[in-house]
2 protein chains.
Amino acid sequence: MMRSVYVAGTGSTTFGKHSGTTIEALAVDASAQAIVDSGIERSRIGAVYLGNFVSGPLNGKEVLAGLVAEQLGLQGIPCTKVEGACASGGIALRHACLMVASGVCDAVLVVGVEKMTHASTAEVTTALNCAMDNESDGMVGLTFPGLFGLAWQAHAQKYGTTREDIAAVVIKNKAHGLKNPLAQMGADLTLEQICGSAMIADPLQLFDCCPASDGAAAVVVCTKELLTQPTKPRIRVMASVQTSGSARIAHHPDLTSFDATVLAAQQAYQQSGLQPADIDLVELHDCFSIAEIIDSEDLGLVPRGEGGRWAAQGQTGMQGDIVINPSGGLLAKGHPVGATGVGQVVEVVLQLRGMHTNQVANAAVGMTHNLGGTGVACTVHILGRDA
Amino acid sequence: MMRSVYVAGTGSTTFGKHSGTTIEALAVDASAQAIVDSGIERSRIGAVYLGNFVSGPLNGKEVLAGLVAEQLGLQGIPCTKVEGACASGGIALRHACLMVASGVCDAVLVVGVEKMTHASTAEVTTALNCAMDNESDGMVGLTFPGLFGLAWQAHAQKYGTTREDIAAVVIKNKAHGLKNPLAQMGADLTLEQICGSAMIADPLQLFDCCPASDGAAAVVVCTKELLTQPTKPRIRVMASVQTSGSARIAHHPDLTSFDATVLAAQQAYQQSGLQPADIDLVELHDCFSIAEIIDSEDLGLVPRGEGGRWAAQGQTGMQGDIVINPSGGLLAKGHPVGATGVGQVVEVVLQLRGMHTNQVANAAVGMTHNLGGTGVACTVHILGRDA
């Protein structure tokens with residue numbers, strides 16, 4: 001019999017450029033905020049899960065889970081780094097939830113972190129390509145902008161999605177980012193600016209791509225009994241799902257959809273007993289503009305093939321049928337890889353508490369979606385405000 | 001209520017130099033063996049945990065858990081890489097055990113893997129130092145041979161442990177390695193050869209150090225109901241423990257002991273209801289000869305301070321009070337870092353099945369001990385043959 005799991009506290013650094021500090025310090029900063037926000041004594045924390053993707057190649061550091069726990073004064077408890085490319089943060093959260101649900105721990109600290117901006121573009125590209133099947137796709141020169149450029153072309157061909165449709169995602173998320181103090185690259189952009197930006201991987205242009213980022217985000221999850229703060233609404237984890245899909249592009253029969261997302265969404269709706277119409281907002285994995293369109297369809301939040309048109313018609317904006325990425329998403333908030341999946345949960349918790357700087361009216365149920373590599377790993381979480 | 005967990009199947013590549021193959025291929029090889037040995041249908045496997053330390057820096061690859069699962073035909077299930085330096089393999093096993101115990105999965109594949117021998121000594125040293133607190137210890141020039149050289153000096157000063165005592169560990173483990181077809185560097189060594197070998201980090205000499213290795217090891221764990229093979233003895237996981245300790249040398253009050261090991265052993269005895277005297281054999285983390293002595297004391301298997309003398313007197317050999325590292329240990333079997341903790345379990349299972357090439361007579365209960373970095377992460381498992 002699994003126990004209910006709650007998010008008791010959140011913390012985050014800003015996403016952006018953090019020079020003159022270490023990756024451990026970023027993680028400690030976000031973690032300490034989350035612990036304080038939770039009101040839970042450190043001695044009650046039974047485990048640490050740290051999501052990180054490429055601290056080895058880019059920072060020359062591993063065992064970050066243990067290093068960070070020690071600096072937080074958490075001693076003796078299991079400390080584990082988990083990795084699943086860009087889904088590392090979501091995977092960390094899922095494991096923390098499982099530890100609480102199964103009774104192994106009463107409270108668990110989850111922190112995601114990455115530090116990338118000190119490295120050259122070539123170093124970052126090489127590091128990010130660690131998320132690919134380098135024996136096949138990497139070998140022939142594919143990169144992640146290349147993959148999502150192909151996905152865009154497939155979506156355009158199959159569903160008639162246009163440059164203007166996709167620009168609507170960029171305009172929306174960049175505008176959301178302006179309202180989020182944690183965001184790295186909010187902006188007030190016009191269609192002309194987007195269409196005039198540098199070509200990266202045809203048809204993807206500069207503003208269609210998320211930036212490289214430094215940052216950390218953290219949450220403390222716990223049992224209902226450990227929630228100490230009657231003044232804050234109780235935020236329950238209604239679904240916590242992790243799936244996998246093919247790493248190799250040739251094994252994706254259809255580049256306009258990621259199997260791992262479709263499966264994760266199905267399982268998340270089943271676990272929570274909810275339907276897409278019950279979701280008030282979603283923080284989803286818009287590493288590129290086209291990814292938001294594909295993800296929104298894979299999650300069942302937008303009809304298949306309609307993602308572009310929904311974006312263009314404002315149905316995914318703040319007043320829309322489903323609010324997508326009110327934080328600004330990866331495009332505007334930034335994408336410190338290992339932190340992203342945890343940062344999404346921080347954003348949703350702030351929304352469900354009614355405390356967000358870009359608040360979705362009456363937000364009661366929120367979803368997060370974190371996708372790794374070429375769809376090789378995926379997590380979906382649904383969080384709800386307890387009545 | 002937690003369920004009992006069993007090891008249903010094991011697989012392993014040889015440990016050593018594997019040129020002309022990929023890290024994924026090594027992991028797939030060991031995993032496929034373990035699945036076949038388990039007799040469990042692939043469709044029953046509910047998750048994959050992969051232990052790996054430095055595939056990013058040394059192989060330019062991450063998301064190995066997903067890549068390996070895909071090549072094994074395991075689709076859609078959660079696939080997670082876990083990392084805790086040299087304890088990565090043990091941490092992978094613990095998570096697999098928890099998934100089965102808690103009812104999340106009925107069967108889980110665990111695989112540990114590392115590929116290091118293609119890299120230069122400088123590259124390997126830099127990669128291994130990712131397991132250190134590089135902001136303090138690494139900064140001042142400490143390496144792992146340096147750390148264990150200091151530990152040796154502390155143990156010698158405090159307990160009178162001699163070069164001859166420590167050489168006895170090397171002679172024993174190298175001889176055990178000769179009997180293990182999976183081992184990389186078994187040898188018939190004399191005290192003179194050991195004392196005449198190159199000085200690495202005073203007083204550590206060449207034969208006191210484990211080699212760099214390539215290799216993979218895998219096990220399938222499952223519920224009692226899923227055990228399909230009545231002809232094989234049932235091997236139950238009686239304890240599965242993960243702890244943490246300080247990463248920073250200055251925070252270790254006593255270099256002759258690792259807190260994380262002491263704590264893990266205490267918890268493992270408590271979980272299993274067993275005492276040190278119940279353990280027939282142990283595969284422990286002898287990354288350096290002195291480490292075996294310290295570990296054997298920390299695990300409570302040898303009286304504090306007596307590890308050297310017990311080794312010299314043969315009390316840790318095949319006919320001894322406690323048989324230590326009948327596989328040859330890291331010193332002789334090799335140390336493909338992420339694979340080591342899983343490989344230890346493969347060895348113990350073969351012993352408990354009575355099928356080992358260096359069989360411990362009447363082995364009924366075995367322990368494994370996997371230590372990461374400067375004692376920052378530790379796992380201890382106790383396995384027993386069901387009556």
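In the predicted model, Val221(B) is in contact, beyond its neighbours within four places in sequence, with Val5(B), Tyr6(B), Val7(B), Ala8(B), Ala96(B), Cys97(B), Val100(B), Val108(B), Val110(B) and Val237(B). Val221(B) also belongs to the largest nonpolar core, which holds 272 residues; within that core, the members that touch the most other members are Val108(A), Val110(A) and Val221(A), together with Val108(B), Val110(B) and Val221(B).

The secondary structure of chain A consists of 14 helices and twelve strands. The radius of gyration of chain A is 19 Å, close to the 21 Å that the globule rule gives for 387 residues, so chain A is as compact as a globular protein of that length. Along the principal axes, the C-alpha atoms of chain A fill a box of roughly 55 × 45 × 35 Å, and 63% of the 387 residues in chain A are buried. Among the contacts in chain A with a separation of 6 or more, 80% are made by residues 24 or more positions apart.

Chain A is assigned two stretches to each of its domains, with domain 1 covering 6-120 + 213-226 and domain 2 covering 131-209 + 235-385. The centres of domain 1 of chain A and domain 2 of chain A, taken over C-alpha atoms, are separated by 23 Å, and the contact between them takes 37 residues from domain 1 and 36 residues from domain 2. On the side of domain 1 of chain A that touches domain 2 of chain A, two or more residues each are given by β1 (6-12), α4 (88-101), β4 (107-114) and β7 (215-222) of chain A, the largest share, eight residues, coming from α4(A). By class, this side of domain 1 of chain A has 21 nonpolar, 13 polar and three charged residues.

Between the chains, 44 residues of chain B are in contact with 44 residues of chain A. The elements that give two or more residues to the side of chain B that touches chain A are the helices α2 (55-59), α3 (64-71), α4 (88-101) and α6 (134-138) and the strands β3 (79-83) and β8 (235-244) of chain B, and this side of chain B has 21 nonpolar, 16 polar and seven charged residues. Strand pairing also links the two chains, as strand β3 (residues 79-83) of chain A is joined to β3(B) by three bridges, with the two strands running antiparallel; in this pairing, Val82(A) stands opposite Val82(B) in β3(B).

Note on methods
Residues numbered from 1 in each chain as written. Chains lettered and ligands numbered in written order. Predicted model: local features only at pLDDT ≥ 70, side-chain atom pairs only at ≥ 80, totals over all residues. Core = buried A, V, L, I, M, F, W, Y, C linked by C-beta atoms within 7 Å. Buried ≥ 20, exposed ≤ 12 C-beta atoms within 10 Å, placed from the backbone. Contact = placed C-beta atoms within 7 Å. Domains from an automatic or database assignment. Helix = DSSP H or I, 4+ residues; strand = E, 2+ residues; numbered from the N terminus. Nonpolar A, V, L, I, M, F, W, Y, C, P; charged D, E, K, R; others polar. Pairing = 2+ DSSP bridges. Rg over C-alpha atoms; globule rule 2.2 N^0.38 Å.
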